[in-house]
Amino acid sequence: MMGKTWEDQMNTKQEIAPMQSTFRTEDNEEVLRLDKNEVLSENTAEIEEIPRQETDMILQATLIDPLYQDLSPNSRYYLYHYVTQICMDLVIYDGGPGHNPFRDLVPATTAFPTLLHIILAGSAHHVFNISRDPITPSAYQSEKRPCLVQYYQAVSRFGGPMKTSYGDALLAKQQALSLMAQSVASVTPANVDVILAAILMFINYDLIESGQDKWRVHIEGARQLIERLDRPPYLQQPISKLRLAVLSDFLVFFVIGSTFSFSTSRVLIPESIDLDPILGYAETNNYLSLPGPLLRIMVESFKLEDTREDASDDIALDLQDEIGVLLKAALDFDPTVWSCSFQPAGPTDHLDHRMHIAAAHRAAVCIYLARALPYTNPLIDPSSGHALLSLTDLANDILEHVSFFRPGDTLYKSISWPLFLAGAECEGLARRVWIMDKLDEFYNLLYWGYVHTAKKILEIIWSCKDKYGANTTCWINDIKELGYEVLIA
């Protein structure tokens with residue numbers, strides 16, 4: 001096994017003795033089969049993306065593979081919930097074997113208890129989110145009432161409320177944290193990718209919970225392992241599918257997480273590692289579908305000084321020029337041209353939707369870059385006569401493109417970050433109500449807790465704007481002063 005990755009080991013074992021994990025209902029009806037790196041329906045040879053509302057979740061479904069019989073009934077339920085629900089949230093195209101690396105990881109849980117427990121923790125908390133009260137209406141939705149029909153349909157779809165899910169989530173997370181210290185202390189070239197995947201699952205847990213916990217600490221821990229990947233014996237040529245997926249997700253979280261403040265570490269992936277395949281995977285199958293050229297521009301921005309730490313309105317002219325260059329590059333990005341050359345990830349991939357989400361991300365990246373400048377800077381101040389853009393126009397542009405997406409669309413899960421930035425910059429009560437309603441719609445499909453946090457932060461931003469004026473301060477500074485360390489992804 002010397003020098004082999006986890007994927008190599010799994011492929012070798014598969015040639016020796018296939019391992020099958022089957023889920024059955026209480027009536028002993030086979031509903032799902034795991035065959036090593038496969039997740040196949042009994043009636044199909046290749047999985048297409050299944051709309052969430054068509055997924056039949058049964059509380060009594062269990063894993064009958066002997067390897068999972070030591071798990072408690074609740075743990076088997078949470079693992080099944082992860083396989084059938086959460087995995088589809090983590091990618092764009094949830095196709096057959098090899099298309100969803102996070103589902104392909106399930107067989108590794110028998111050998112990596114850290115991975116198992118953090119998967120169980122995230123799944124249990126997701127079940128808790130589903131079974132708790134519907135999302136609370138904001139002050140901008142005073143006449144809005146939760147849709148109880150939709151709520152009870154959602155709960156019954158997953159077997160009904162589980163009263164122990166919250167406690168199960170906390171216990172599994174604590175076990176995962178204890179085991180992670182042992183895992184990090186015993187990293188090898190064969191297990192490093194699985195350990196990185198486990199760290200990534202900690203970040204996903206934080207997003208399912210609220211997006212406010214230790215996600216940045218986890219990214220920093222991952223960064224220390226990623227630093228090893230550019231040299232033997234950890235170097236891979238070509239890079240494995242698992243490593244490609246994990247690194248692209250870390251890169252997206254690393255960059256998106258700097259919306260409020262840049263992290264102390266300005267480089268996540270060593271420059272000696274080729275970014276092109278990582279960016280390519282990120283735009284194709286990371287659930288945010290952020291185009292590679294825009295993500296590269298955001299990575300380039302980390303080479304610049306973070307001017308938001310400076311309370312003054314003046315920045316060095318050379319720094320202003322460098323930010324201006326990045327802004328122009330983002331503005332020059334053409335979503336239509338990009339989508340025309342885009343290689344679809346699967347049969348359900350609609351290029352017109354890719355164009356719309358790329359256009360929304362283009363405007364969001366421009367806001368992201370522009371907010372590195374003081375609000376009085378001539379590059380973004382409409383009254384200067386030299387402004388490259390209008391932040392309000394960019395927000396409206398995002399709302400226009402997001403409006404094309406409906407629940408059930410493959411790229412619907414990609415709208416959250418641009419929608420949040422549009423909310424931070426938009427003006428007018430009608431737009432605020434529309435954004436809050438859209439976030440409710442988003443939550444009622446995915447049940448990730450960071451949406452609650454996004455709504456609360458937008459209310460704080462809007463309250464500050466109403467009190468002090470829209471152009472008197474930068475909302476990023478307002479949030480930082482409140483001590484928020486959040487990830488809106």
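I start with a definition: the expected span of a helix is 1.5 Å times one less than its number of residues. The model is predicted, and I keep that in mind throughout.

Entry one, helix 15. I looked up residues 391-402, which make up helix 15 and number twelve. From first C-alpha to last, helix 15 reaches 17 Å, close to the expected 16 Å. Next I checked burial. Leu391, Leu394, Ala395, Ile398, Leu399, His401 and Val402 are buried in helix 15. What covers them? I found that the cover includes helix 14 (351-370), helix 16 (416-425) and helix 17 (429-446).

Entry two, helices 2 and 4. I took residues 73-89 as helix 2 and residues 113-131 as helix 4. Their axes come within 8 Å and cross at roughly 80 degrees. Angles of 65 to 115 degrees count as roughly perpendicular, so helix 2 is roughly perpendicular to helix 4. I then listed the contact. Helix 2 brings Ser75, Tyr77, Tyr78, Leu79, His81, Tyr82, Ile86 and Asp89. Helix 4 brings Ile119, Leu120, Gly122, Ser123, Ala124, His126, Val127 and Ile130. Sorted by class, I get ten nonpolar residues, five polar and one charged.

I count 19 helices and four strands. There are 489 residues, and 58% of them count as buried. I also looked at contacts between residues at least 6 apart in sequence: 75% of these join residues at least 24 apart. The exposed surface comes to about 20100 Å², with 53% of it supplied by carbon and sulfur atoms.

Methods:
Residues numbered from 1 in each chain as written. Predicted model: local features only at pLDDT ≥ 70, side-chain atom pairs only at ≥ 80, totals over all residues. Heavy atoms only, no water. Axes fitted to C-alpha atoms, helices over the stretch in contact; angles between N-to-C directions. Parallel < 35°, antiparallel > 145°, perpendicular 65-115°, else oblique. Contact = heavy atoms within 4.5 Å. Nonpolar A, V, L, I, M, F, W, Y, C, P; charged D, E, K, R; others polar. Buried < 20%, exposed > 50% of the residue type's maximum accessible area, 1.4 Å probe, protein only. Areas by Shrake-Rupley, 256 points an atom, 1.4 Å probe, with all protein chains shown as cover.
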